[in-house]
Amino acid sequence: MKTCIIFGNAEISDYSFIQPISAEDFVISADGGWRHLKHLGIKPQLFIGDMDSFQGTLPDDIDKEYYKPEKDDTDTFIAVKKGLSLGCDRFVLYGCLGGSLGHTLANIQILVYLAKRNIPAVLRDEKSEVYAVSNAALHFDASRTGKISVISFSEKSNGVTLQGLKYPLKDAVISNDYALGVSNEFLQKNSSITVKNGDLIVIIEK
């Protein structure tokens, strides 16, 4: 798989959770995400932004795409679309949770956009990971620990089955106006979340 790694502008206070980045990964700075990459000593292949959160000077040897603030897509969504156009089939987004609530929700929408296209993606910060699953299944191995919440992004999600978790479900219907799946727990065994028809947001809290 070709992984696209995107850094956004949301606050990161402890960088130790960031997983190693390989030479094969395509790294994009979404506007103010540059400050995190600079701190980590990582040079992105591409900078994308409207310069509303960027501070500093960009090296000359980084490709850049500048946009006007008056646009339909967020910088992060533009970065995701760029990654897709380059053949990336997996996305990891850092600096995209917290900060502006509007941007956080927009980034969760991006997860759903990718899930509907069968593209694996995750939002990561120091304390949590966020996934989306659409008419499919999401699997976790026994090494997972902590809390896990499953929330319907669709008006209704049908055929929801939770296996290997403290509170199982089988072929259930959950809706976007009732928080049935919050604060479940891993049991240190293989687990899965399946939805036959609908879109789920899955939040893991470490």
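This talk walks through the strands, helices, aromatic rings and cysteines of one predicted model.

Residues are numbered from 1 along each chain as its sequence is written, and side-chain values use heavy atoms, with hydrogens and water left out.

Let me start with the sheets. Strands of a sheet pair through backbone hydrogen bonds, either parallel or antiparallel. Here I take helices (H or I, at least four residues) and strands (E, at least two) as DSSP runs, numbered from the N terminus, and I say that two strands pair if DSSP finds at least two bridges between them. With those rules there is an open sheet of 10 strands, in the order S4-S3-S2-S1-S5-S6-S7-S14-S9-S12, and its pairing is mixed. At its edges stand strand S4 (63-66) and S12, each of which pairs on one side only. Neighbouring strands of this sheet are turned by 20° against each other on average, with direction ignored; for such angles, axes are lines fitted to C-alpha atoms, for helices over the stretch in contact, and angles run from 0 to 180 degrees between N-to-C directions.

S8 and S13 pair in the antiparallel sense over four bridges, and Phe140 has Ser191 as its bridge partner in S13.

Now to the helices. Which strands does helix H2 lie across? Helix H2 (residues 75-85) lies across strand S1 (3-7), strand S2 (26-30), S3, S4 and strand S5 (90-94), and runs at about 140° to S3. Its buried residues, where buried means under 20% relative accessible area, exposed over 50% and partly exposed in between (1.4 Å probe, protein chains only), are Asp75, Thr76, Phe77, Ile78, Ala79, Val80 and Gly83. What covers them includes S1, S2, S3, S5 and H3, with contact meaning heavy atoms within 4.5 Å. After H2 comes Gly87, whose phi is positive, near 90°. Helix H3 (residues 101-115), for its part, lies across S5, strand S6 (121-124), strand S7 (128-134) and strand S14 (199-205), running at about 40° to S7.

Let us turn to the rings. Rings of Phe, Tyr and Trp (its six-membered ring) pair if their centres lie within 6.5 Å, and planes under 30 degrees apart count as stacked, over 60 as edge-to-face and the rest as tilted. A search of the whole structure finds six aromatic pairs. In one of them, Tyr131 and Phe140 have ring centres 5.8 Å apart and planes at 75°, so the pair is edge-to-face, and both residues are buried. Phe7, Phe17 and Tyr94 form one aromatic cluster.

Charges meet rings as well, and a charge sits over a ring if NZ of Lys or CZ of Arg is within 6 Å of the ring centre and within 35 degrees of the ring normal. Lys81 lies over the face of Phe77, at 4.5 Å from the ring centre, and the charged end of Arg117 sits over the ring of Tyr113, 3.7 Å from its centre.

What about the backbone? Most residues other than glycine have a negative phi. Ser183, however, in strand S12 (residues 181-185), has a positive phi near 60°, and Ser183 is partly exposed at a relative accessible area of 34%. Gln188, in the loop between S12 and strand S13 (191-194), has a positive phi near 55° and is exposed, at 59%.

Finally, the cysteines. How many disulfides are there? The count is zero, taking a disulfide as a pair of cysteine sulfur atoms within 2.5 Å. For Cys88 the closest cysteine sulfur is that of Cys4, 4.6 Å away and therefore too far for a bond; for Cys96 the closest is again in Cys4, at 11 Å, which is also too far. Cys88 counts as buried at 3% relative accessibility, and Cys96 is buried at 3% too.

Terms used: This is a predicted model: local features need pLDDT of at least 70, side-chain atom pairs count only at pLDDT 80 or more; totals for chains, interfaces and linings use all residues.
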